[in-house]
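Please walk through this model with me, one part at a time. Keep the sequence and the 3D view side by side.

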Amino acid sequence: MSSPFVGQVIDLLAALMLLIAFAMLAQRRLLRLIHLFALQGAVLTLNTMVVAVTLVQSHLWFSVALNLVLKVIVLPMILIRVVNRLGLRRDAESVGNLPFIMLVAVVLVILSFNVALPISRLAGTITRGTLGIAMASMLIAFLMMITRRKAVAQVVGFLAMENALFFAATSATYGMPMVVELGIALDVLVGTFIFGIFFFQIRETFDSLDTRSLERLGGRE
Amino acid sequence: MSVSQAVLQLFQGVLAVAVAPLVLGWLNQCRAWLQNRRAPSLLQPYRVLIKLLRKEMVLATNASWLFRLAPYVVFACMVLAGAIVPLVATDLPFARAADVIALVGLFALARVFMALAAMDVGTAFGSLGSRREMLIAALAEPALLMVFFTPALISHSTALTTIVDQFSNGALQIHPSMAFAAVAFVMVLLAENARIPVDNPSTHLELTMVHEAMILEYSGRHLALMDWAHALKLTVYMGIGIALFLPWGMAHPQNWLELPLALAALGVKLALAGAGLALLETLAAKMRIFKVPEFLGMAFMLAVLGMLVHFLVET
């Protein structure tokens, strides 16, 4: 495999990550959102796989397996299950002023590209061009968490942010140490379980998953 | 300009005009299959055109010359566009006369005439349709231009021929920015050709129609020309998409032997594009007219993002 071609494939996958991040930001339907999250996980896995194959980095294969099992299969399954249980299959939420949010997202992309440019010029890795994209996807996922009101969408945003973080680690330093990676994977898994339980609690208390109702808690006394 | 180039140019223009109803027929057939309906014949659009061409024309009493002129202008614009876009061969004489920006202008000219003609008779539907069309167009046009700028930046030229040559002849290169441009282009294509998420081409329901409302007053051969121009526009858009994103297999005018291969490649690509479009239309639901600016705003932003990604990753 020639090196420039592999670099282009990695760049393409990175661009797909960003594209999916934008699609998630604009997606109103919860189920579609979870599908997009699974798709993003798949692209991430593929990207890690390409890096692992080209650079013969055996430790990356663990992350490939971890990604595949966790982000493409287990987490989306848990989320879909929770959504089914909560009866939110057809749920769509208002995202507010979408064009404005999109504009903010584009500004975030420009910002992260600008920040990443000098770093990637210094780096000698094959994946150096993708650092800016990883940062942009992370900030967009963060923006999604801020703009959504329903708890499930916020959690998907959180998980997408983790995806982007992982991607950034792969592109900057060819992945994190094994221990850190395992720790994060476990955190995310357990976190999703706990969020799942919280969804039911929130709904039992407030009759909705709108997290704004949590703000009322303090004012009662 | 050599003779062979001129002949090839003429051939491509005629081909675009002749094949356009077939593309529409194929699209309708795919849609029918996907929606579990019995499909109309592939040649149905031709039959409709022939029927309309034979029919008597009814003109409103207060229709001015503009109303009668518009179908010819619109049709002529689309024929010209069909000659400019490289469908089977690159480096044709017309292609050098107009680049992508001029092409966008050509579409705008056709649109303005159509909208003016729709307002000319003074019925409520006509002006309703043209207002909506102008709303959509005002947003789709900048998005389309932005889509064109990404490949123009990559190939350092705004001429479609040069872009195609650059993409198809060089070593295989993947441009991540083109992924963004492609998504944005499909969104613009749906909006500009009155396809489903934006407009429903097969409805006469006054609340939703855009394109149909504009040509409601036309009949007979005027309507035939308008319908034909509409099919031609769709084919030209598909041709632009093919030229930008799947340019392989085009013939060069010096080499006649490449022509059969180029024709076969074009057939396959158009069939695939039609099937894909039918799938998109079946999966999507018609959106409210007030959501259209949001939809096209997304297309614009994706196109801008494509340019940004080009600057970050590919330079």
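How many of the 23 residues of α6(A) are buried? The answer is 18, so far as this predicted model goes. The helix is mostly covered.

Now check its length. Helix α6 of chain A runs over residues 151–173. At 1.5 Å a residue, its 23 residues should span 33 Å. The end C-alpha atoms are 33 Å apart, so expectation and model agree. Just after the helix comes Tyr174(A). Tyr174(A) takes a positive phi of about 55°.

Turn next to where the two chains meet. On one side, 18 residues of chain B take part; they are in contact with 23 residues of chain A. Together the chains bury about 1900 Å². Carbon and sulfur atoms give 83% of that area. Which residues of chain B lose the most area to chain A? They are Ile174(B), Met301(B) and Leu312(B). Together these three make up 33% of what that side buries.

Arg28(A) forms a salt bridge with Glu294(B). The closest N and O atoms of that pair are 3.0 Å apart.

Which elements of chain B give two or more residues to the side that touches chain A? They are α8 (176–192) and α12 (292–313). Helix α12(B) gives the most, with 9 residues. By type, the residues on this side of chain B divide into 14 nonpolar, 2 polar and 2 charged.

Stay with α12 of chain B for one residue. Gly297(B) is found in this helix. Is Gly297(B) buried or partly exposed? Its relative accessibility is 23%, so Gly297(B) counts as partly exposed; the cut-off for buried is under 20%. Ala184(B) lies 113 residues away from Gly297(B) along the chain. Yet the C-alpha atoms of the two are separated by 9.8 Å.

Finish at helix α1 of chain B, residues 3–34. Arg31(B) is found here. Its relative accessible area is 7%, so Arg31(B) is buried. What is Arg31(B) in contact with, leaving aside neighbours within four places in sequence? The list includes Arg37(B), Arg195(B), Ile196(B) and Asn200(B). Pro201(B), Ser202(B) and Ala278(B) are also among its contacts.

Conventions. Residues are numbered from 1 along each chain as its sequence is written. Chains are lettered from A and ligands numbered from 1 in the order in which they are written. This is a predicted model: local features need pLDDT of at least 70, side-chain atom pairs count only at pLDDT 80 or more; totals for chains, interfaces and linings use all residues. Side-chain values use heavy atoms; hydrogens and water are left out. Helices (H or I, at least four residues) and strands (E, at least two) are DSSP runs, numbered from the N terminus. The expected span of a helix is 1.5 Å times one less than its number of residues. Buried means under 20% relative accessible area, exposed over 50%, partly exposed in between (1.4 Å probe, protein chains only). Contact means heavy atoms within 4.5 Å. Buried area is the accessible area (1.4 Å probe) that two parts lose on being put together, summed over both. A salt bridge is a side-chain nitrogen of Lys or Arg within 4 Å of a carboxyl oxygen of Asp or Glu. Ala, Val, Leu, Ile, Met, Phe, Trp, Tyr, Cys and Pro count as nonpolar, Asp, Glu, Lys and Arg as charged, and the others, Gly among them, as polar.
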